[in-house]
Amino acid sequence: MDAPTVTLRVPPLADHFTLLRTVVSGIAARRDYTLEQVDDLRMAVEEAAVLLLRHGDGAPLELRALITDEVLRIRLSTNVTSPDTVVDRSSFSWMILQALTDDVSTSLDGTRASLELVKHRLRNDHDSEAQG
């Protein structure tokens with residue numbers, strides 16, 4: 001069975017970042033991520049959305065969250081005005097994304113730019129008890 005995926009498409013306006021953050025934090029909280037991890041994901045999603053919105057062509061911003069037992073993989077994407085690099089890997093924004101996630105990557109397919117954020121769930125006491 002494929003891992004569950006949540007997809008959300010919002011207009012390319014900063015007003016909708018709250019919705020993106022809420023969806024991601026809801027998913028992470030339901031998957032027993034720590035409060036710190038949930039906050040990290042919320043901030044990372046907003047930072048990624050800001051980066052994409054700066055280069056967007058007015059197309060909707062799409063969030064896809066792939067949910068597995070131990071990993072939450074979030075891909076944000078939109079159409080961009082130029083196939084030039086969307087993310088400067090020497091920028092402060094990139095450093096923030098690296099600090100808030102376990103892995104971050106960017107890709108460009110034609111004029112479709114994507115940022116992928118990966119966060120591994122930390123094991124908690126509940127997991128240890130369940131495994132005996």
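Predicted model: local features only at pLDDT ≥ 70, side-chain atom pairs only at ≥ 80, totals over all residues.
Contact here means heavy atoms within 4.5 Å, and angles run from 0 to 180 degrees between N-to-C directions. Helix α2 lies across β2, β3 and β5, and its direction makes about 170° with that of β5. Helix α3 also packs on the sheet, where it touches β4 and β5; the angle between α3 and β4 is about 130°.

The protein chain holds 4 helices and 5 strands, arranged along the sequence in the pattern β-α-α-β-β-α-β-β-α. Its radius of gyration is 15 Å, close to the 14 Å that the globule rule gives for 132 residues, so the chain is as compact as a globular protein of that length. The C-alpha trace spans about 55 × 30 × 30 Å along its principal axes. Of the 132 residues, 39% are buried. Among contacts with a separation of 6 or more, 65% are made by residues 24 or more positions apart.

The strands form an open sheet of 5 members in the order β1-β2-β3-β5-β4, with antiparallel pairing. Strands β1 and β4 stand at the edges with a single partner strand each, so one side of each has no neighbour in the sheet. On average, neighbouring strands of this sheet are turned by 15° against each other, direction ignored. As a general point, strands of a sheet pair through backbone hydrogen bonds, either parallel or antiparallel.

The individual pairings can be followed across the sheet. Strands β2 and β3 pair in the antiparallel sense over 6 bridges, and E62 has S77 of β3 as its bridge partner. Between β3 and β5, also antiparallel, there are 9 bridges; here N79 is partnered by R112 of β5. Strand β5 is joined to β4 by 7 bridges, and the two run antiparallel, with E116 of β5 as the bridge partner of S105. The hairpin of β4 and β5 has 2 residues between the strands, and G110 in this hairpin takes a positive phi near 70°. Of the 9 residues of β5, 7 are buried, so this strand is largely enclosed by the rest of the structure.

The largest nonpolar core contains 33 residues, of which L20, L63, L72, I74 and L97 touch the most other members. Two or more residues are given to this core by each of β1 (5-10), α1 (17-30), α2 (35-55), β2 (61-67), β3 (71-79), α3 (92-100) and β5 (112-120). Helix α2 supplies the largest share, 8 residues.

The relative accessible area of A49 is 0%, which falls under the 20% cut-off, so A49 is buried. Beyond its neighbours within four places in sequence, A49 is in contact with F17, L20, L61 and L76. A49 and S114 are 65 residues apart in sequence, and their C-alpha atoms are 9.9 Å apart in space.

Helix α3 shows a clear division between its sides. Its buried residues are S93, W94, L97 and L100. These residues lie on the same side of α3 because they cover an arc of only 135° around the axis. On the other side of α3, F92 and A99 are exposed. The buried residues of α3 pack against α2, β4 (103-109) and β5.

One loop residue also deserves a brief note. Most residues other than glycine have a negative phi. D32, found in the loop between α1 and α2, instead has a positive phi near 65°. With a relative accessibility of 38%, D32 counts as partly exposed, because that class lies between the buried limit of 20% and the exposed limit of 50%.

Terms used:
Residues numbered from 1 in each chain as written. Heavy atoms only, no water. Core = buried A, V, L, I, M, F, W, Y, C linked by side-chain atoms within 4.5 Å. Buried < 20%, exposed > 50% of the residue type's maximum accessible area, 1.4 Å probe, protein only. Arc of directions from axis to C-beta. Pairing = 2+ DSSP bridges. Rg over C-alpha atoms; globule rule 2.2 N^0.38 Å.
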